[in-house]
Amino acid sequence: MAPLVRRGWTTLPDTERLLTVAQAADLLGTSERFPRRLIAERRIRFVRLGETGKRGHVRIPESALREFIEAGMVEPVTRLPRRRGRAA
């Protein structure tokens with residue numbers, strides 16, 4: 001479900017959870033440094049709360065984590081049967 005936009009404000013769907021950096025790291029199975037780096041490099045969507053600049057709090061929408069994980073998903077390769085008569 002896409003966020004709604006009203007009067008310049010973006011609102012999240014009622015079911016969207018905003019996660020702290022610690023919660024995001026826990027779900028990803030990483031240290032807090034990894035999601036902070038994703039935020040700093042603008043590789044993941046996030047919400048800035050409170051003061052502008054570096055002092056405010058950031059939250060990561062749960063859907064942004066799902067999108068990040070899906071984008072990095074690598075499907076397994078199936079092996080083709082070997083042809084007879086060819087040297088290995």
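**View 1. Arg 36 and its salt bridge to Glu 32.** Arg 36 is partly exposed, with a relative accessible area of 46%. Partly exposed lies between buried (under 20% relative accessible area) and exposed (over 50%), using a 1.4 Å probe and protein chains only. Arg 36 forms a salt bridge with Glu 32, with the closest N and O atoms 3.6 Å apart. A salt bridge here is a side-chain nitrogen of Lys or Arg within 4 Å of a carboxyl oxygen of Asp or Glu. Glu 32 is also partly exposed, at 37% relative accessibility. The model is predicted: local features need pLDDT of at least 70, side-chain atom pairs count only at pLDDT 80 or more, and totals for chains, interfaces and linings use all residues. Residues are numbered from 1 along each chain as its sequence is written, and side-chain values use heavy atoms, with hydrogens and water left out.

**View 2. The network of Arg 37, Glu 41 and Arg 43.** Salt bridges link these three residues in a network. Within it, the side chains of Arg 37 and Glu 41 meet at 3.8 Å, N to O. Arg 37 counts as partly exposed, at 41% relative accessibility. Glu 41 is partly exposed too, at 42%. The structure holds five salt bridges.

**View 3. Arg 17 and Glu 62.** This salt bridge has its closest N and O atoms 4.0 Å apart. The pair links distant parts of the chain, 45 residues apart. Arg 17 sits in the loop between strand E2 (9-11) and E3, while Glu 62 belongs to helix H3. Helices (H or I, at least four residues) and strands (E, at least two) are DSSP runs, numbered from the N terminus. Arg 17 is partly exposed at 44% relative accessibility. Glu 62 is partly exposed, with a relative accessible area of 21%.

**View 4. The three-stranded sheet and helix H3.** The sheet is open, with the order E3-E5-E4 and antiparallel pairing. Strands E3 (18-19) and E4 (47-49) stand at the edges, each with a single partner strand, so one side of each has no neighbour in the sheet. Helix H3 (residues 62-71) packs on the sheet and touches E3 and E5. Contact means heavy atoms within 4.5 Å. The direction of H3 makes about 60° with that of E5. Axes are lines fitted to C-alpha atoms, for helices over the stretch in contact, and angles run from 0 to 180 degrees between N-to-C directions.

**View 5. The pairing of E4 with E5.** E4 and strand E5 (residues 57-61) run antiparallel, joined by three bridges. Strands pair if DSSP finds at least two bridges between them. Arg 48 stands opposite Val 58 in E5.
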